[in-house]
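Trainee: Please take me through the labels attached to this model, and let me ask of each one what it rests on.

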Amino acid sequence: MHLILASTSTYRRALLERLQLPFLCQAPDVDETPLLDEHPAALAQRLCLAKANSVATLNPTALVIGSDQVASIDGSCIGKPGNFENAAGQLRASSGRRVDFYTGLALVGRDAGIEKVQVERFSVQFRKLSDAEITYYLNKEEPWDCAGSFKCEGLGVALFERMIGDDPTSLEGLPLIALCSMLREAGVRVL
C-alpha cells in the first residue's frame, strides 16, 4: 500500500518527509466551513477525516493521511490571518494568554478497511507582547498562512512563555508521534 498525504500544505509535507517514507500529495476536495457552534476539536476531527476520505475515495488501495488544525482562544476559533493587520490582531489577542491548537489526524485505507482518527491538543502560553515586538516578529516571518499567526519552528518560539502538550509536531500541523502509531497498527514499518 502506498501513502498519500491529503494536503497541499508545504508544512505538512515537510513534517511527513521526516519519517523518510515514500508518499504522494493530493489535494482533498473539502468544504472547511465550520458548522454552527462546532467546537474547535470537533471541527479538526471532522475536517481531517473528510480530507482523508475525499482522497481515499479516488485511491482505494492507498493509505491516506488527513490532517487539519484549528486554533482557539477561549473556545473561539482563530484562523489563518492572511495579512499583516489580521496577524497583528491575532497576536495582540494572544498576548499573555493561552491559545489551544487542536490537530486532527486521520488514516484511511478503503480496501484495507482502515479508518483511524484522533485529535491532539497542544497549547501555547504567550508572554505579554508589545506592539513593537509584534511588528518586528511579523516583518521577520510573515506567518500569513499559519493559524495563530506564528511559526513555532522559527522565530515564533520567542513569543511564548511555554508550550504544553505531548507532541510538538502537532503544533506544526501533523502529529508525527500519533501518526507513527497509526501507521504501525496499519502494518507500515516506520523503522
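Mentor: Let us begin with the element names, where helices are DSSP runs of H or I with at least four residues, strands are runs of E with at least two, and the numbering starts at the N terminus. Just after one such run, H6, Gly-187 takes a positive phi of about 90°. Please keep in mind throughout that this is a predicted model.

Trainee: Which residues other than glycine have a positive phi, and where do they lie?

Mentor: One of them is Asp-74, with phi near 55°, and its place is in the loop between E3 and E4. Glu-142 is another, with phi near 45°, and it lies in the loop between helix H4 (131-141) and strand E7 (160-164).

Trainee: Why is Asp-74 called exposed, and why is Glu-142 called partly exposed?

Mentor: Exposed means over 50% relative accessible area, buried means under 20%, and partly exposed is what falls in between. Asp-74 has 63% relative accessibility and therefore counts as exposed, whereas Glu-142, at 46%, falls in between and so counts as partly exposed. Thr-135, which is found in helix H4, has 34% and is therefore partly exposed as well.

Trainee: What makes Asn-59 a buried residue, and what is it in contact with?

Mentor: Its relative accessible area is 18%, which is under the 20% limit, so Asn-59 counts as buried. The place of Asn-59 is in the loop between H2 and E3, and, leaving aside its neighbours within four places in sequence, Asn-59 is in contact with Ile-4 and Gln-26.

Trainee: How do you know on which side of H1 its buried residues lie?

Mentor: The buried residues of H1 are Arg-12, Leu-15 and Leu-16. They cover an arc of only 95° around the axis, and therefore they lie on the same side of H1. These buried residues pack against E1, strand E2 (23-25), E3, H5 and H6.

Trainee: Which residues of H6 are buried, and what covers them?

Mentor: The buried residues of H6 are Leu-176, Ala-178, Leu-179, Cys-180, Met-182 and Leu-183, and what covers them includes E1, H1, E3, E5, strand E6 (114-126) and H5. Leu-19, leaving aside its neighbours within four places in sequence, is in contact with Leu-176, Leu-179, Cys-180, Leu-183 and Val-190.

Trainee: What makes a space a pocket rather than a cavity, and how much space lies in the largest pocket?

Mentor: A pocket is an open set of points with protein on both sides, whereas from a cavity the probe cannot get out. About 670 Å³ of space lies in the largest pocket. Of the 33 residues that line this pocket, the closest to its centre are Arg-12, Gln-69, Lys-80, Asp-145 and Ala-147. By class, the lining has 17 nonpolar, 7 polar and 9 charged residues. E3 supplies the largest share of the lining, 4 residues, and the elements that each supply at least two include helix H1 (10-17), helix H2 (40-58) and helix H5 (168-172).

How values were computed. Residues numbered from 1 in each chain as written. Predicted model: local features only at pLDDT ≥ 70, side-chain atom pairs only at ≥ 80, totals over all residues. Heavy atoms only, no water. 1 Å grid on protein atoms, 1.4 Å probe; cavity = no way out; pocket = protein on both sides within 12 Å on 5 of 7 lines; lining within 4 Å. Points joined across faces, edges and corners; volume = space filled by probe spheres on them. Nonpolar A, V, L, I, M, F, W, Y, C, P; charged D, E, K, R; others polar. Contact = heavy atoms within 4.5 Å. Buried < 20%, exposed > 50% of the residue type's maximum accessible area, 1.4 Å probe, protein only. Arc of directions from axis to C-beta.
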